[in-house]
Amino acid sequence: MSKKTKSGDARLSPFSFEKGDSRASPMVDPFPQPSGLEKVLLKELVRCAKACYDRGWSHGTAGNFSLRGRRGIIWQSPSGLNKGELNPAQFIPMELSTARVIWPVKVKPSAEMPMHLGVYRAVPEIGRAHV
């Protein structure tokens with residue numbers, strides 16, 4: 001949405017996207033929240049990450065987990081965090097079609113995110129991945 005200033009200029013609101021804005025995706029909400037089902041699945045994915053950590057399959061910050069969400073969103077575990085101590089709120093929403101982080105966050109997505117995206121694009125039936 002554009003807003004008119006006192007001088008009459010139309011300016012882009014920082015919280016909305018104009019149709020045709022290159023930053024906008026027609027499928028992705030600019031401020032997504034996990035659905036009820038996605039919250040349950042993220043909790044399960046965190047349990048899986050902890051089990052991998054406890055078994056020594058994912059040492060410290062190694063290994064990354066993601067969940068295919070609705071409307072073209074992938075929920076990605078952040079880089080640099082101990083996978084044995086993850087919580088669902090730490091997952092980063094990323095756009096499947098562009099591989100962009102949807103909103104600014106302090107943590108970075110996994111360097112292996114392109115591999116996760118490749119799996120999700122190649123096999124649409126897959127709902128979660130661990131690398």
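Leaving aside its neighbours within four places in sequence, which residues is S77 in contact with? The first legend gives the list. This is a predicted model: local features need pLDDT of at least 70, side-chain atom pairs count only at pLDDT 80 or more, and totals for chains, interfaces and linings use all residues. Residues are numbered from 1 along each chain as its sequence is written, and side-chain values use heavy atoms, with hydrogens and water left out.

**View A. S77 and its contacts.** S77 sits in the loop between strand 4 and strand 5. Strands (E, at least two residues) and helices (H or I, at least four) are DSSP runs, numbered from the N terminus. With sequence neighbours within four places set aside, S77 touches N64, F65, K83, L86, F91 and S110. Contact here means heavy atoms within 4.5 Å. S77 counts as buried because its relative accessibility is 0%. The classes are buried (under 20% relative accessible area), exposed (over 50%) and partly exposed (in between), with a 1.4 Å probe and protein chains only.

View B. The structure holds zero disulfides. A disulfide is a pair of cysteine sulfur atoms within 2.5 Å. The closest cysteine sulfur to that of C48 belongs to C52, at 4.4 Å, so the two are too far apart for a bond. Seen from C52, the nearest cysteine sulfur is that of C48, 4.4 Å away. C48 is partly exposed, at 31% relative accessible area. C52 is buried, at 7%.

View C. L41 belongs to helix 1 (residues 36–54). At 31% relative accessibility, L41 is partly exposed.

**View D. R71, a non-glycine residue with positive phi.** The phi of R71 is about 55°. Its place is the loop between strand 3 (65–68) and strand 4 (73–76).

**View E. A99, a non-glycine residue with positive phi.** The phi of A99 is about 65°. A99 lies in the loop that runs between strand 5 (92–95) and helix 2 (113–122). Its relative accessible area is 35%, so A99 counts as partly exposed.
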